Amino acid sequence: MSEKFARLTIDGSDVTIELPVLSGTLGADVIDIQQLTSNGYFTYDPGFVSTASCESKITFIDGEKGILLHRGYPIEQLAEHSDFLEVIYLLLYGELPDPQQKASFGTTILRHTMVHEQMLEMLKGFRRDAHPMAIICGLIGALASFYHDALDITNEHHREVTAYRLVSKMPTLAAMAYKFSIGQPFIYPRNDLCYGGNFLHMMFATPCEDYHVSPVLARAMDRIFLLHADHEQNASTSTVRLAGSSGANPFTCIAAGVAALWGPAHGGANEAVLKMLDEIGDEKHIDQFIAKAKDKEDPFRLMGFGHRVYKNFDPRAKVMKESCDEVLSELGLADDPILKIAKRLEKIALEDDYFISKKLYPNVDFYSGIILKALGIPTEMFTVIFAIGRTPGWIAHWHEMISGSYRIGRPRQLYTGPKSRDYPIDNKS
Ligand code: CMC
């Protein structure tokens, strides 16, 4: 029971509504407004700017201080000491694995990487020039039709095996979508490679010759996945929870998450950053783009800048920036012209009053696009990479919701349309 209350008095009424104030382990207290509706009121909060939609133990963000914790561990420490598999385990099970748990979990994940051969037939139904996010969205949803054996969401074992399948098969499906778009044969996963290395192998190997996965690049790929693994109740995760709250199967919920991720204000930003840098084309055009971003009449925004929650440097962006330098030097691309434009743009924006006063800092997508480009990944695949990384987060949130008590998500509205009126029968003839 809460010991603190907020009291709400409505003008013109003598009713005072007492609302419990709840405290979490970290972060702002929340006012529990569930009983408002029995008093005849709803709250109004477009974009959920001030609304906690659920209780969660998975991820904490302090946007003012630039802090991101998964199960209590700072993202910087996870990026330094863990790999993606460990973080997946942490998100799903709440604790870091010991070496034995890690080895057994890794084997399980690798043994689920193959997809049903019939998926290739489905793939062939897409246009060659289809955006890979459209393909992934379709293929993930379609996975539900292959696994009727494990779709009982009330069964703990079914939920676990579905989590393995989704985490394991996402990179395979992503690489299949890419190979299809360039007309190359699909490359099967290799169980002796790490998660990131295996993805690079499926993307870039061909049946004609050996493909060597550079450990530095495999590590960079793994880190990109790790840095995207979860981010609290963002748009795609909230979509997964909302879809899941109706009892829908997890494959379709994750497909819904992929759809929400695709937009340029969310996961689509990494693709948009690269397009913007290409459009800028030369350092001498940067001022013009900064001016466009500041112009209220112009819808243009500096892609890769700003965040709903972070009003400080995005902690993921700091790590990504370091990775970016490592990868570019490994590939001998430190003088890449696009990178030069990016660095200059970042410097100018960070010193500009408009960006300072609105607390607009580079976010994770600003650097991830540059690394992905250096790794040879085509721009259309960037958001797909984000989706692979975010999959364990989506599943962890879905699982947390389904294994606790939940109700179907059903927001209300402030209705401003026509009042009730009679059908105009006289105008009918
Ligand atoms: N360039 C120029 N102005 C901006 C930008 C930007 N990138 N982002 C925000 N603003 C301005 C905006 O015009 C508004 O100004 P005013 O108060 O004068 O109207 C103010 O800053 C606040 O913006 P907002 O749209 O109210 O903020 P939001 O919290 O609704 O939006 C955002 C957050 C991420 C959608 C937005 O910053 C944006 O569109 N950024 C570019 C896209 C991007 O990089 N998205 C990736 C987010 S990180 C990856 C992820 O987690 O999905």
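Begin at the second largest pocket, which has a volume of about 150 Å³, where a volume is the space filled by probe spheres set on grid points joined across faces, edges and corners. A pocket here is, on a 1 Å grid over the protein atoms alone, an open set of points where a 1.4 Å probe fits, with protein on both sides within 12 Å along at least five of seven lines, and lining residues have an atom within 4 Å of a point. This is a predicted model, in which local features need pLDDT of at least 70 and side-chain atom pairs count only at pLDDT 80 or more, while totals for chains, interfaces and linings use all residues. Residues are numbered from 1 along each chain as its sequence is written, and side-chain values use heavy atoms, with hydrogens and water left out.

Select L120, E121, L123, K124, R128, M176, K179, F180, Q184, P185 and F186 to show the lining of this pocket. The elements that give two or more residues to that lining are α4 (118–124) and α6 (156–182), helices being DSSP runs of H or I with at least four residues, and strands runs of E with at least two, numbered from the N terminus. The largest share, four residues, comes from α4. By kind, the lining divides into six nonpolar, one polar and four charged residues, where Ala, Val, Leu, Ile, Met, Phe, Trp, Tyr, Cys and Pro count as nonpolar, Asp, Glu, Lys and Arg as charged, and the others, Gly among them, as polar.

Next, select the ligand together with H266, K296, L302, R308 and K358, which come nearest of the 21 residues around the ligand; a residue counts as near if one of its heavy atoms lies within 4 Å. A side-chain N or O atom of H266 is 2.5 Å from an oxygen atom of the ligand, and for K296 the corresponding distance from a ligand oxygen to a side-chain N or O atom is 2.8 Å.

Then turn to the strands, and select β4 (59–62) and β6 (73–74), the edge strands, each pairing on one side only, of an open antiparallel sheet with the order β4-β5-β6. Two strands pair if DSSP finds at least two bridges between them. Four bridges join β4 to β5 (residues 67–70), and I61 has L68 as its bridge partner in β5.

Finish at the open antiparallel sheet with the order β1-β2-β3, where β2 (residues 16–22) pairs with β3 over two bridges and V21 stands opposite I31 in β3.

Conventions: A polar contact is a pair of N or O atoms within 3.5 Å; within protein, one must be able to donate a hydrogen and the other to accept it, and residues adjacent in sequence count only if both atoms are side-chain atoms.
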